[in-house]
Amino acid sequence: MDNALPTKLKILLIEDEALIREGLRSLLQKETFVKEIHEAANGKEFSEKIKKGFDLVLMDFRLPDTNGIDLLAALKKEALYPKVIVLTGLEGTELLMNLLQSGVHGIVYKLDGYNEILKTIRGIIEKGSYFSPKILNIIQTNAHRWDHVPPVVLTLPERDLLKAIASGLTTKEIASILKMTDSTTETYRIRLIKKMGLHNTAGLIAYAYRNGIL
């Protein structure tokens, strides 16, 4: 999985916002390390194009029909596992730790701009992986809970429950929508809070938004 990169890279850019995707492509095409760039706007297009084989994948974490964790799992099934940089506008610590555990080679916050993307790509070319001082600090601060980080990808029933909770519905209203009894709905809510290592519903909703679950 730690394959060395060639001097000219075949890149797959996965981003659902056309303006961002086109801007990144335009900037990357000027770099001497780029051989060719392909694009995907969603998980379906990713599945169609990944079979062509790539040296580097730049992916947005949040896509209309999938997320970075699921895409990383799909990439690991490929014969040649490419280097992967995740681009995200989310700053949840749990999200970052989940990405690291999934085998990502670099993470760039979108607000840090193109220069940080460039620095990360060059770092990966030279060393196989690269993380900025900001991200390294988060890793070091949270190293003690590496094996106990809660997930940022939920099952479909869990997501439906979370969306209903975040919309401010009562237990009775949620139970009616999800076709459960009131007591079962409350049991599932408590289980979800515990699964995330939280203490209350407010913390659950904040966690969900911070890590891109909602």
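This is a predicted model: local features need pLDDT of at least 70, side-chain atom pairs count only at pLDDT 80 or more; totals for chains, interfaces and linings use all residues.

Me: Where does Thr185 sit, and which residues does it touch beyond four places away in sequence?

Reply: Thr185 belongs to helix H9. With residues up to four places away in sequence left out, the residues it touches are Leu161, Thr171, Ile174, Ala175 and Met180.

Me: How do the axes of H8 and H9 lie relative to each other, parallel or perpendicular?

Reply: Helix H8 covers residues 171-178, and its axis comes within 8 Å of that of H9. The two axes cross at roughly 100°. An angle of 65 to 115 degrees counts as roughly perpendicular, so H8 is to H9 roughly perpendicular.

Me: Which residues of H9 meet H8, and how does the contact divide by class?

Reply: From H8 come Thr171, Lys172, Ile174 and Ala175, and they meet Asp182, Thr185 and Glu186 in H9. By class, the residues of this contact are 2 nonpolar, 2 polar and 3 charged.

Me: What is the phi of Lys179, and is the residue buried or exposed?

Reply: Lys179 is in the loop between H8 and H9. Most residues other than glycine have a negative phi. Lys179 has a positive one, near 60°. Its relative accessible area is 75%, and the cut-off for exposed is over 50%, so Lys179 is exposed.

Me: How do H7 and H9 cross?

Reply: Two packed helices are described by the angle and the distance between their axes. For H7 and H9, the axes come within 11 Å and the crossing angle is roughly 100°. That makes H7, relative to H9, roughly perpendicular.

Me: Which residues make that contact, and what are their classes?

Reply: H7 contributes Glu158, Leu161, Leu162 and Ile165. On the H9 side are Thr185, Tyr188, Arg189, Leu192 and Lys195. Sorted by class, the contact of H7 with H9 has 5 nonpolar, 1 polar and 3 charged residues.

Me: How many residues apart in sequence are Arg189 and Glu158, and how far apart in space?

Reply: Arg189 is part of helix H9. Not counting residues up to four places away in sequence, Arg189 touches Leu161, Ile165 and Thr201. Between Arg189 and Glu158 there is a separation of 31 residues in sequence, and their C-alpha to C-alpha distance is 8.8 Å.

Me: Which residues of H10 are buried, and why are they on the same side?

Reply: H10 runs over residues 201-210.

Me: What covers the buried residues of H10?

Reply: Several helices take part in the cover. It includes helix H4 (93-101), helix H7 (156-166) and helix H9 (182-195).

Me: What is found at the start of H10 and just after it?

Reply: At the start of H10, Asn200 has a side-chain oxygen within 3.3 Å of the backbone nitrogen of Ala202. Just after H10 comes Gly212, with a positive phi of about 75°.

Me: Is Asn98 buried or exposed, and which residues is it in contact with?

Reply: Asn98 is located in helix H4. Buried means under 20% relative accessible area, and Asn98, at 12%, therefore counts as buried. Leaving aside neighbours within four places in sequence, its contacts are Ile69, Val149, Pro150, Pro151 and Val152.

Me: How do H4 and H6 pack, and which classes does their contact hold?

Reply: The axes of H4 and H6 (residues 133-141) come within 11 Å and cross at roughly 90°, and the two helices are therefore roughly perpendicular to each other. Thr93, Leu96 and Leu100 of H4 meet Ile135, Ile138 and Ile139 of H6. The classes in this contact are 5 nonpolar, 1 polar and no charged.

Me: To finish with the chain, how many helices and strands are there, and what percentage of its residues count as buried?

Reply: The C-alpha trace spans about 60 × 35 × 30 Å along its principal axes. The chain has 10 helices and 7 strands. Of its 214 residues, the share that count as buried is 47%.

Terms used: Residues are numbered from 1 along each chain as its sequence is written. Side-chain values use heavy atoms; hydrogens and water are left out. Buried means under 20% relative accessible area, exposed over 50%, partly exposed in between (1.4 Å probe, protein chains only). Contact means heavy atoms within 4.5 Å. A polar contact is a pair of N or O atoms within 3.5 Å; within protein, one must be able to donate a hydrogen and the other to accept it, and residues adjacent in sequence count only if both atoms are side-chain atoms. Axes are lines fitted to C-alpha atoms, for helices over the stretch in contact, and angles run from 0 to 180 degrees between N-to-C directions. Angles under 35 degrees count as roughly parallel, over 145 as roughly antiparallel, 65 to 115 as roughly perpendicular and the rest as oblique. Ala, Val, Leu, Ile, Met, Phe, Trp, Tyr, Cys and Pro count as nonpolar, Asp, Glu, Lys and Arg as charged, and the others, Gly among them, as polar.
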